[in-house]
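Trainee: I have a model open and would like to learn how to read it, feature by feature. Could we go through it together?

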Amino acid sequence: MAGRACEQYDLIAAEYARAFAGQFDDRPLDRAMLRSFAELVSHDGGKTVLDVGCGPGDAAGELAACGLRAAGVDGSSAMVSLARKRCPELRFQTADMFDLPYPAGSFDAVCAWYSIIHTPAETLPELFAEFRRLLSAPGWLLLGFQTDGETAVYDHAFGRDVSLEFLRHDVATVCAALEVSGFTVYATTKRARQPQLDEPTAQAMVIAHTGGHNKNP
C-alpha cells in the first residue's frame with residue numbers, strides 16, 4: 001500500500017474495522033480458504049505466517065486460530081493499533097509491504113488478504129519478490145483480492161472524505177506476476193459477488209508456493 005493510501009486508512013480505520021467485524025462469519029468460503037491455506041503450511045512443517053496489510057487483524061486472527069504463529073504488518077499505524085487491541089496475543093507493527101523489516105527466510109508463509117487492491121499490476125512482480133524473500137523453503141503465499149471489475153475511485157467512504165483508488169486485478173495477470181517472481185501457483189478460486197454483503201465485484205483467492213515440499217500437498 002502506498003503512503004497516501006496508508007494515510008487514508010488512518011482516517012477510516014475505526015469505521016473500517018467496525019464494518020468488517022465478523023466478516024468471516026458471513027463469508028464461509030473465505031474462512032475455508034484461510035483454513036485450507038493454514039493446513040497446507042502445517043502439512044509442510046511450517047509454523048509461522050506473516051499477514052501483510054493486516055488491517056485490524058482479522059485474517060491474522062483466523063490463521064492463529066488454525067495453529068500458526070501469526071504476526072502482522074500494515075502501512076497504517078491506526079490499523080496496527082486496532083489489530084493489537086483485537087488480537088493482543090499476536091505481534092503487529094507498522095511497515096511498508098515493499099520493504100518488510102525482516103531477514104530473508106523469516107516466515108514459512110505470507111498472507112496478503114486484500115492487500116494488493118491499491119497496487120498497480122505493473123508493480124506486482126516487485127511486491128511478490130519481496131514476499132518471496134521472506135519465505136523459508138518450502139514457503140506458501142495466500143492472496144485475496146477483488147476481480148472482474150473496473151477500477152473504482154472513492155472520495156467518500158466509511159463516513160469520511162477520502163481519496164482512494166481500488167484496483168480489481170485480473171486473476172491471470174496476478175498468476176503471471178507470481179510466476180515471474182519465482183512462485184508456482186497451486187490453486188485459484190473465484191466466488192461471485194454477494195450483493196447482500198455490499199460487495200462491488202467478484203472475489204478471487206490465489207494460493208502459491210516456492211517449491212521444495214517435504215511431501216505432496
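This is a predicted model: local features need pLDDT of at least 70, side-chain atom pairs count only at pLDDT 80 or more; totals for chains, interfaces and linings use all residues.

Trainee: How many residues does α3 have, and what length does it reach?

Mentor: Helix α3 covers residues 28-43, which makes 16 residues. From its first C-alpha to its last it reaches 22 Å, close to the 22 Å expected at 1.5 Å a residue. After α3 comes G45, whose phi is positive, near 85 degrees.

Trainee: Which strands does α3 touch?

Mentor: Seven strands form an open sheet with mixed pairing, in the order β3-β2-β1-β4-β5-β9-β8. The edges are β3 (91-94) and β8, each with a single partner strand, so one side of each is left without a neighbour in the sheet. On average, neighbouring strands of this sheet are turned by 15 degrees against each other, direction ignored. Now for your helix: α3 packs on the sheet and touches β1 (48-52), β4, β5, β8 and β9, and its direction makes about 165 degrees with that of β4. Helix α7 (residues 171-180) lies across β5, β8 and β9, running at about 165 degrees to β8.

Trainee: Is β1 largely enclosed or left open by the rest of the structure?

Mentor: Five of the five residues of β1 are buried, so β1 is largely enclosed by the rest of the structure. To read a strand, check which way each side chain points. In β1, T48, L50 and V52 point one way, V49 and D51 point the other way, and all are buried.

Trainee: In which sense do β1 and β2 pair?

Mentor: β1 and β2 pair in the parallel sense, over five bridges. One of the residues to look at is D51, whose bridge partner in β2 is G72.

Trainee: Now the charged residues. How many salt bridges does the structure hold?

Mentor: The general idea is that side chains of opposite charge can pair when their charged atoms come close. This structure holds nine salt bridges. One of them joins R31 and D25, with the closest N and O atoms 3.1 Å apart.

Trainee: Which parts does the salt bridge between E199 and R27 tie together?

Mentor: The side chains of E199 and R27 meet at 3.0 Å, N to O. E199 lies in the loop between β8 (184-191) and β9 (202-209), and R27 lies in the loop between α2 (23-26) and α3, so the pair ties together parts that are 172 residues apart in sequence. Both E199 and R27 are buried, E199 at 5% relative accessibility. E199 also forms a salt bridge with R191, the closest N and O atoms being 2.7 Å apart. R191 is buried too, with a relative accessible area of 10%. Step back, and R27, D30, R191 and E199 are linked in a network of salt bridges.

Trainee: What about rings: how many aromatic pairs are there?

Mentor: The count comes to 10 aromatic pairs. For each pair, read the distance between centres and the angle between planes. The rings of F24 and W113 have their centres 6.1 Å apart and their planes at 50 degrees, so this pair is tilted. F24 lies in helix α2 and W113 in strand β4 (residues 107-113), so the pair ties together parts that are 89 residues apart in sequence. F24 is buried at 4%, and W113 is buried at 8% relative accessibility.

Trainee: Which pair is edge-to-face?

Mentor: W140 and Y186 form an edge-to-face pair, 5.2 Å centre to centre with 90 degrees between the planes. This pair links distant parts of the chain, with W140 in strand β5 (residues 135-147) and Y186 in strand β8, 46 residues apart. W140 is buried, with a relative accessible area of 1%, while Y186 is partly exposed at 36%. To finish, find the cluster in which ring pairs link Y9, Y16, F20 and F158.

Definitions and conventions
Residues are numbered from 1 along each chain as its sequence is written. Side-chain values use heavy atoms; hydrogens and water are left out. Helices (H or I, at least four residues) and strands (E, at least two) are DSSP runs, numbered from the N terminus. The expected span of a helix is 1.5 Å times one less than its number of residues. A salt bridge is a side-chain nitrogen of Lys or Arg within 4 Å of a carboxyl oxygen of Asp or Glu. Buried means under 20% relative accessible area, exposed over 50%, partly exposed in between (1.4 Å probe, protein chains only). Rings of Phe, Tyr and Trp (its six-membered ring) pair if their centres lie within 6.5 Å; planes under 30 degrees apart count as stacked, over 60 as edge-to-face and the rest as tilted. Two strands pair if DSSP finds at least two bridges between them. Axes are lines fitted to C-alpha atoms, for helices over the stretch in contact, and angles run from 0 to 180 degrees between N-to-C directions. Contact means heavy atoms within 4.5 Å.
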